[in-house]
Amino acid sequence: MAQATGIKEIIKPENLVYRKTKVMTDNILSYCPGCGHGTAHRILAEIIDEEGLQSETIGISPVGCSVLLYEFIDIDWQEAAHGRAPALATAIKRLLPDKFVFTYQGDGDLAAIGTAETIHTCNRGENILIIFINNGIYGMTGGQMAPTTLPGMKSSTSPYGRDVKLMGNPLKMTDIVATLPGTYYVTRQSVHTPVNVRKTKKAIRKAVHYQKLNKGTCFIEIVSNCPSGWKMTPVEANKWMEANMFPFYPLGDLKVPAEENAQKTTNSEKND
Amino acid sequence: MAKIRGSIVVEIDRCKGCEVCMVSCPTGTIAMAKEVNHKGYFYAYPAHPELCIGCANCAMVCPDGVITVYKTKI
Ligand SMILES: Cc1ncc(C[n+]2csc(CCOP(=O)(O)OP(=O)(O)O)c2C)c(N)n1
Ligand code: SF4
Ligand code: SF4
Ligand code: SF4
Ligand SMILES: [Mg+2]
């Protein structure tokens, strides 16, 4: 009984350290158990909340499992046709340059049907944020092979594993956009552990600040899971992702702003 | 000596039983219930509440955002 009283003493408003942000709606997420989409949505909503941008943000929701994203984060939205989110974001940001504008897209959306929009938007250096959820598969439509599917990885359309001779090589879109002059900040993160969630949140916060500088496209890939498509439990899927996805899609920054690099050099010179 | 004590509240009916919180808890506070919620999932709950340090790791990784965390010094 003493223990129960102890807990009651802890659960008080003044002791609150974490609660889901009000920028998330109360709608139940339409995702499978353990799917990284939910975590990615939540930290994005947290940043929008913490930066006071709820009424200043316009999101472009994709086609894919996250097609109903506009039901889950309480901001202004535009739904795009499959793959076309960066084109819509381009128009919206140009018309309303003071808004924080982002797209949220899966790998089928961004790296297959929307390849052209992705590359040209990044090459033009549109002042938007692209969030790219790479789970190596077309989740929504039943786990078909995507351009991002790993060599040897099984999917419903590569049941014996992806044979690159027959099916081509996987595409590293993030590496490609990092080479384009229009991108300002390009990073690859994940949301499957507390440390990774915190790092990804930091990356999104940076992208929000960079957008205010009007310096070009920010691109954040989140290597994520698809427990249902991969036919694993969520915990197994996360382990599989660490063992197989991360060696092919290594986490970390691919392009950081020149100013920040210079800053780091001066700091380290100072420290020397 | 002051001790950090934490406590979590899981919204049972919104939990999907993915176990991601359980494996992310550094203190082994969380376990999965032996009974299911109204959706049919074995939901997460603080099986060893006295171990919780309020680090919020579980809440950070919960894809459904169903964990609320409290922390205090006792
Ligand atoms: C123009 C068009 N072509 C094809 C589809 C079918 N379709 C719906 S979702 C999807 C793939 C989604 O995969 P991804 O972007 O990786 O998102 P995930 O579900 O994996 O998060 C496809 C091909 C469509 N809705 N519209
Ligand atoms: S099918 Fe895959 S990507 Fe879609 S909600 Fe389920 S786990 Fe997530
Ligand atoms: S707050 Fe930390 S210690 Fe407490 S249950 Fe969650 S992960 Fe475990
Ligand atoms: S991470 Fe969230 S949804 Fe998954 S078991 Fe824990 S509380 Fe339930
Ligand atoms: Mg996908």
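A residue is taken to be near a molecule or strand if one of its heavy atoms lies within 4 Å of it. The model here is predicted, so to speak plainly, local features need pLDDT of at least 70 and side-chain atom pairs count only at pLDDT 80 or more, while totals for chains, interfaces and linings use all residues. Residues are numbered from 1 along each chain as its sequence is written, chains are lettered from A and ligands numbered from 1 in the order written, and side-chain values use heavy atoms, with hydrogens and water left out.

Around ligand 4 sit Cys15(B), Lys16(B), Gly17(B), Cys18(B), Glu19(B), Cys21(B), Met32(B), Ala44(B), Cys62(B), Pro63(B), Val66(B) and Ile67(B). Sorted by class, that shell has nine nonpolar, one polar and two charged residues; Ala, Val, Leu, Ile, Met, Phe, Trp, Tyr, Cys and Pro count as nonpolar, Asp, Glu, Lys and Arg as charged, and the others, Gly among them, as polar.

Asp107(A), in helix H4 (residues 107-113), and Ile137(A), in the loop between strand S5 (129-134) and helix H6 (164-167), are 30 residues apart and link distant parts of chain A. Helices (H or I, at least four residues) and strands (E, at least two) are DSSP runs, numbered from the N terminus. Asp107(A) counts as buried at 1% relative accessibility, and Ile137(A) is buried with a relative accessible area of 1%. Buried means under 20% relative accessible area, exposed over 50%, partly exposed in between (1.4 Å probe, protein chains only).

Helix H8(A) is followed by Asn214(A), whose phi is positive, near 60°.
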